[in-house]
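Visitor: Please take a close look at one part of this model, the place where the two chains meet. I would like a single connected account.

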There are 2 protein chains.
Amino acid sequence: MAHLTVSVEYGLHCLLWLAGSGDKPLSSRDLADFQGISHSFLAKIFPKLEKAGIVQASGGVRGGYLLARAPEDISVLQIVDAIEGRKPLFDCQEIRGRCAVFGGAPPEWATDGVCAIHLVMLRAEKAMRDTLASQSLADIGQTVAKKAPSHFSSDVEGWITARLSGRLGKPSTSSSGEEVLS
Amino acid sequence: MAHLTVSVEYGLHCLLWLAGSGDKPLSSRDLADFQGISHSFLAKIFPKLEKAGIVQASGGVRGGYLLARAPEDISVLQIVDAIEGRKPLFDCQEIRGRCAVFGGAPPEWATDGVCAIHLVMLRAEKAMRDTLASQSLADIGQTVAKKAPSHFSSDVEGWITARLSGRLGKPSTSSSGEEVLS
DNA sequence: CATAATGCGGACAATATCAGTCCGCGTTAT
DNA sequence: ATAACGCGGACTGATATTGTCCGCATTATG
């Protein structure tokens, strides 16, 4: 049928963590390591979210990203559009005007308005987009929170704190945050 | 967002003509020339429609394709699936299980059931597919028929008749059916 | 029976997109 | 001053899309 890219998947997962984390900025490296995904690739995604006004970037040594709005005010559709760039589901080639009986000069009634096939696809696209628009980051976060046991939240916070404190000042001899996992 | 291929567009336009035409089989060459699209490419699409039971093929010299069912009983979704092969909208990478605090061994509660993000995408996909399933080939045909003037139907029939009679027996000195256009 | 027009399938090619890496630039807290 | 950031461009490999071309089997027509 079609394909939402892994960029969207990565972006959504990261934004979910940003929504759950507090007001401390998380860098794209933090988020990549935390989820076991490529940092180089994730670094190409976040600027798109920033330009769309979904996250707020802060440069420098303790910089990173924060949500620019409340999770309730960020819909899945906005995230998808920010990352994928609002590609239409169907790209009508206007084949109706090429019909041989028109001899290269289709009459107005044939090319007027939206192609009937295109119309069906536009309706399908709208149905999909409406569904995505109806779900917010907060909604997804709630679904996730319902499954996690109580200690998970502090586990995550522990990992993040260890990571942030290890960012600067500590020489980090071999690996700076892995021992938290055991 | 995503993309329905031109194969789907070609297929839909062809099936629309097959629905309007009578019980005479139309070849993929007829349909390609009639609509100004590539015959070689169209020839790759029709076997998929045949295997899906949407059209019926007849080989040999006067062969071609007929609809295997009434246009009312062929949904747009069936056509899309037949041509594109039921690709999911979203391909979940199960990122939730890679969270660093799990240390490579995610607990059951984390990977149980469908990922919350995946769930949203499945709902969006279902909304799209439901819309496509609700529209039949006959519905689209009706939309088109409402726009066309009364003489168009006989124009088309004339082109087809000329094309079919020119298929065999006539030496076809230069071009066999173009003068119909004038 | 010979032939020409079918459908079918595989091989091939050109282009685009996706996923991911790498590097250099400017910025900023320590 | 430096190290950790974000940002952007160049580059690469894999895969999908859009075609083209050829050969094979089948079948109505002459």
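**The contact between the chains**

Guide: The contact (heavy atoms within 4.5 Å) draws on 66 residues of chain B and 65 residues of chain A. This is a predicted model, in which local features need pLDDT of at least 70 and side-chain atom pairs count only at pLDDT 80 or more, while totals for chains, interfaces and linings use all residues. Residues are numbered from 1 along each chain as its sequence is written, chains are lettered from A in the order in which they are written, and side-chain values use heavy atoms, with hydrogens and water left out.

Between chain B and chain A the buried area is about 5,700 Å², and carbon and sulfur atoms give 72% of that; buried area is the accessible area (1.4 Å probe) that two parts lose on being put together, summed over both. Salt bridges between chain B and chain A number 0, where a salt bridge is a side-chain nitrogen of Lys or Arg within 4 Å of a carboxyl oxygen of Asp or Glu.

On the side of chain B that touches chain A, the elements giving two or more residues are α1 (6-20), α2 (28-35), α4 (76-84), α5 (108-111), α6 (116-133), α7 (137-147) and α8 (150-165) of chain B. Helices here are DSSP runs (H or I, at least four residues), numbered from the N terminus. The largest share of that side, 11 residues, comes from α6(B). By class, the side has 42 nonpolar, 9 polar and 15 charged residues, with Asp, Glu, Lys and Arg counted as charged, Ala, Val, Leu, Ile, Met, Phe, Trp, Tyr, Cys and Pro as nonpolar, and the others, Gly among them, as polar.
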